Amino acid sequence: MARPAIQPTGREVHFAPDDVIVSKTDLAGRITYANDVFLAIAGYAEEDVLGEAHNLIRHPDMPRTVFAFLWEALKAGEEVFAYVKNMTKTGDHYWVLAHVTPSRDAAGAVTGYHSNRRVPDRGAVERVSALYAEIRRAEQAAPGPREALQAGRALLDARLAAAGLSFNAFVFSLSDLHQAA
Ligand SMILES: Cc1cc2nc3c(=O)[nH]c(=O)nc-3n(C[C@H](O)[C@H](O)[C@H](O)COP(=O)(O)O)c2cc1C
């Protein structure tokens with residue numbers, strides 16, 4: 001469904017360190033559940049979000065490459081940790097560290113997806129912002145959407161290879177906790 005474009009304000013908003021933002025989706029990424037913390041920070045009523053595609057809160061600074069990676073991993077049945085910059089209904093933004101997993105029925109079949117998000121540390125936000133900006137530039141310099149994803153992925157893969165880490169391990173390595181170690 002077409003939605004009116006929301007302009008980013010550049011203003012960051014915050015949620016509490018002991019809060020968990022939760023949402024669940026169906027197999028196509030349409031929202032089937034959002035907890036009160038999700039609704040409060042994003043500024044939506046429950047009826048605004050249920051049944052909507054999860055890109056409802058996508059921020060334009062987020063590289064397409066990251067979401068392509070996310071979906072590839074989820075479709076392969078894997079869990080993903082990722083820093084995500086999300087946009088509220090008014091165009092403000094908030095950073096999260098998301099843990100996204102497939103949900104399975106008793107027979108093991110994937111029935112949808114689930115994301116739990118917590119407040120990321122500031123060092124991680126700074127480090128990941130720089131990386132995402134670099135990936136966005138590579139995406140934008142590409143002649144088309146397919147090439148954009150290829151260019152973004154090449155950059156991400158090079159970074160992971162240089163660090164010798166999987167995507168999830170790389171995400172953890174960006175936190176202040178690991179940088180200090
Ligand atoms: C469980 C789950 C949670 C998601 N959470 C977010 C989110 O918080 N923010 C976001 O921008 N995309 C989220 N996505 C990814 C969206 O489905 C989508 O891929 C992304 O917003 C890019 O959308 P677009 O390619 O249509 O622009 C989530 C997907 C799943 C399966």
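Student: Which residues does S173 touch, not counting residues up to four places away in sequence, and what makes this a contact?
Tutor: S173 touches L165, H178 and Q179 once residues up to four places away in sequence are set aside, and each is called a contact because heavy atoms come within 4.5 Å. This is a predicted model, in which local features need pLDDT of at least 70 and side-chain atom pairs count only at pLDDT 80 or more, while totals for chains, interfaces and linings use all residues. Residues are numbered from 1 along each chain as its sequence is written, and side-chain values use heavy atoms, with hydrogens and water left out.

Student: Where does S173 lie, and why is S173 called buried?
Tutor: S173 sits in helix α6, where a helix is a DSSP run (H or I) of at least four residues, a strand is a run (E) of at least two, and both are numbered from the N terminus. Its relative accessible area is 19%, and buried means under 20%, exposed over 50% and partly exposed in between, with a 1.4 Å probe and protein chains only; S173 is therefore buried.

Student: Why are G123 and A133 put in their accessibility classes?
Tutor: Both G123 and A133 belong to helix α4. G123, with a relative accessible area of 11%, falls under the limit and is therefore buried, whereas A133, with 32%, falls in between and is therefore partly exposed. Leaving aside neighbours within four places in sequence, G123 is in contact with L174 and D176.

Student: How do you know that α4 and α5 pack against each other, and at what angle?
Tutor: Helix α5 covers residues 145-163, and its axis lies 7 Å from that of α4 at an angle of about 145°; axes are lines fitted to C-alpha atoms, for helices over the stretch in contact, and angles run from 0 to 180 degrees between N-to-C directions. The contact is made by L131, E134, I135, A138 and E139 of α4 with A148, A151, G152, L155, L156 and R159 of α5.

Student: What makes the residues of this contact nonpolar, polar or charged?
Tutor: Ala, Val, Leu, Ile, Met, Phe, Trp, Tyr, Cys and Pro count as nonpolar, Asp, Glu, Lys and Arg as charged, and the others, Gly among them, as polar. The contact of α4 with α5 therefore divides into seven nonpolar, one polar and three charged residues.

Student: Why is one space called a cavity and another a pocket?
Tutor: On a 1 Å grid over the protein atoms alone, a cavity is a set of points where a 1.4 Å probe fits but cannot get out, whereas a pocket is an open set with protein on both sides within 12 Å along at least five of seven lines; lining residues have an atom within 4 Å of a point. The search of the whole structure finds one cavity of 30 Å³ or more, and the largest cavity holds about 50 Å³ of space.

Student: Which residues line the largest cavity, and what are their classes?
Tutor: Y83, V128, L131, Y132, L156, F167, F170, V171 and L174 form the lining, with α4 (122-141) and α6 (167-173) each giving two or more residues. These residues are nine nonpolar, with no polar and no charged.

Student: How many residues line the largest pocket, and which element gives the most?
Tutor: The lining has 28 residues, with H54, N55, F67, L70 and W71 nearest the centre, and α3 gives the most, seven. About 560 Å³ of space lies in this pocket.

Technical notes. Grid points are joined across faces, edges and corners, and a volume is the space filled by probe spheres set on the points.
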